[in-house]
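Here are a few exercises to work through with the structure open beside you. Try each task before reading its solution.

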Amino acid sequence: MSLQSLSSLILLVTLFSSPAFALKKSYIVYLGSHAHPPQISSAHLDGVAHSHRTFLASFVGSHENAQEAIFYSYKRHINGFAAVLDENEAAEIAKHPDVVSVIPNKGRKLHTTHSWNFMLLEKNGVVHKSSLWNKAGYGEDTIIANLDTGVWPESKSFSDEGYGAVPARWKGRCHKDVPCNRKLIGARYFNKGYLAYTGLPSNASLETCRDHDGHGSHTLSTAAGNFVPGANVFGIGNGTASGGSPKARVAAYKVCWPPVNGAECFDADILAAIDAAIDDGVDVLSASVGGDAGDYMSDGIAIGSFHAVKNGVTVVCSAGNSGPKSGTVSNVAPWIITVGASSMDREFQAFVELNNGQSFKGTSLSKPLPEEKMYSLISAAEANVANGNVTDALLCKKGSLDPEKVKGKILVCLRGDNARVDKGQQAAAAGAAGMILCNDKASGNEIISDAHVLPASQIDYKDGEALFSYLSSTKDPKGYIKAPTATLNTKPAPFMASFSSRGPNSVTPGILKPDITAPGVNIIAAFTEATSPTDLDSDHRRTPFNTESGTSMSCPHIAGVVGLLKTLHPQWSPAAIRSAIMTTSRTRDNRRKPMVDESFKKANPFSYGSGHVQPNKAAHPGLVYDLTTGDYLDFLCAVGYNNTVVQLFAEDPQYMCRQGANLLDFNYPSITVPNLTDSITVTRKLTNVGPPATYNAHFREPLGVSVSVEPKQLTFNKTGEVKIFQMTLRPKSAKPSGYVFGELTWTDSHHYVRSPIVVQL
């Protein structure tokens, strides 16, 4: 390289290292809460936006630069703005005393296990029909909103037949491309954060509330879809579909878009949607999205949901699909209801039969084989292309299979890496007559019903091992896949899904997450007709209902239950509703044995939280552990946030962190003690929401821990009365290491108010 060329290169590097050429990214500048007057005019809101521009102008040189940089001003409940800044500007802004945090505009994922999955009102499992649902107009005043991929308004799940007028308090609206009605009363989209992150120009496909993915329609109808008789997936699983709150009104806030680097839903858009939803008047907000758990003041969902809860909106979020690895649970803020996923007692069974008489129970929603005969079987590992990677072939990845070896046979593939339906597509492309998909060890007994493009069945890990053994030991292996049928009352159910993210809570280990589990495997609900059930380009099928799986599916089950509770008990706080759901849940399956995980080993609160939801019991919990905004502020102080930050968060310049604020006394419905080395005492308050009664304490000690409760009896003379108790925990001399589990139950013989106890020794 010449000296002149070297000098030019050094100059170029110097220029791009200078502040003037610093890399620009999208950020959220979070300023806490607003202090609005009781009546807010448009002029006042304009003034808020102007104040944001004025603030930013002091860092970027002018009002014009600030106006160009800002793409959202959060003006109503959340105070802050989203802007394109360079790293130096962001760092300087973060130092300002009026700033709570400067947050990169993070991207998040939908929490579905893309087959790349509502409830049917048969006795198909763990969430049963409530008699209240059939009362004319019951629940119509409750409004449930969804943060997701939009909505397919033509779905019968969003029909307004029989509905009265929209509640007068509703301030929301519908984008022009979604014909709303008295059921679907809101549809808005938020894309500026996505566009700022990706640098993509906007176009018609990014300016729509319509659901082109299916996820949004599925989750919204799971929460509050209307009754739809004859719902099925290609004729399988026929029944009446319904959401958890079938008569509630619904609104869709579209914040998720085609994935870029794995991210679909961006914090800047999520905050804008939550700010709008609070102002529009929603009662319940369901968010089946998430990412890695992190600092509460740097987490858009945690920040937005705090403002929602502060305004009386109950927020329900999915726990994530990163299980069964421990410590993976997301959406862990204590003001959020965090939901894991478990199975139900309905299966779409597609049996695999072998020529030697063996039979394996599988699952599928695919079409049957063309002929009732035994087909030749071949392991995908034996069907690899010349000089190809055997592992890729076993996983049935694109380009790994030799059509000459596969044609006309049933191909046996291994689960993992690429999408389940993609494996089927590769098998079909290679000429296979069908596919048997065998679980890997991590997936255990969790089998997913997919509408594969060819006849197929998915079998569990143990049966998969037996099938591969048969293939390797048989000269001419043959088998058959029976047509799928819906089967009810299967056992064990519920059991935990392998994908459901697990505790412990990586941000605040003293708070148990998830809070609850609900059905999230093979859930039938409304679907878009803009794409196929597999989302494969080569698949031209359309279906108004589809099955999906994930904590994305369990989350709206709980949102629907929250809607019912909100209708029954409109005066209950979001914390009281969560407590009712948690303390009335169950930890035993339909065999009356302890719930198990995907390997059929005993599960624990790190997978199911308090347990599996029981909606009818949640309606009458007897007692609740309630929390106020002030309690959440005390929580933030207890976990180490300074007084200045909490003041901004609280919208109260006079707020002072309470001296002695202690996480052990935070009135959460579960009791978690990390690192128990000596005797500690936990304080809780119970509020009576039932008739006068006397409750007695019963507990099961965690292994190696001594537990005592004082007082052991609480007498409530009226509804609304509050009583305090303390629990003392001591490590025993002979104790195990690691986490141990127990439970505390308060009962008056009619109500059983149960809390898990989690202790780390």
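## Exercise 1: a pocket and its lining

By class, the residues lining the second largest pocket are twelve nonpolar, ten charged and four polar. (Ala, Val, Leu, Ile, Met, Phe, Trp, Tyr, Cys and Pro count as nonpolar, Asp, Glu, Lys and Arg as charged, and the others, Gly among them, as polar.) Before you start, note that this is a predicted model, where local features need pLDDT of at least 70, side-chain atom pairs count only at pLDDT 80 or more, and totals for chains, interfaces and linings use all residues. Residues are numbered from 1 along each chain as its sequence is written, and side-chain values use heavy atoms, with hydrogens and water left out.

**Task.** Find which residues lie nearest the centre of the second largest pocket, and which elements supply its lining.

**Solution.** 
1. Start with the term: on a 1 Å grid over the protein atoms alone, a pocket is an open set of points where a 1.4 Å probe fits, with protein on both sides within 12 Å along at least five of seven lines; lining residues have an atom within 4 Å of a point.
2. The lining has 26 residues, and Lys75, Arg173, Arg188, Phe190 and Ala276 lie nearest the centre.
3. At least two lining residues come from each of α2 (42-60), β2 (70-74), β8 (184-189) and α7 (267-280). Helices (H or I, at least four residues) and strands (E, at least two) are DSSP runs, numbered from the N terminus.

## Exercise 2: strand β17

**Task.** Why is β17 described as largely enclosed by the rest of the structure?

**Solution.** 
1. Six of the six residues of β17 are buried, so the strand is largely enclosed.
2. Ile337, Val339 and Ala341 point one way, and Thr338, Gly340 and Ser342 the other.
3. β17 pairs in the parallel sense with β16 over three bridges and with β27 over four. (Two strands pair if DSSP finds at least two bridges between them.)
4. Threonine 338 is the bridge partner of cysteine 317, while alanine 341 stands opposite alanine 518 in β27.

Terms used. Buried means under 20% relative accessible area, exposed over 50%, partly exposed in between (1.4 Å probe, protein chains only).
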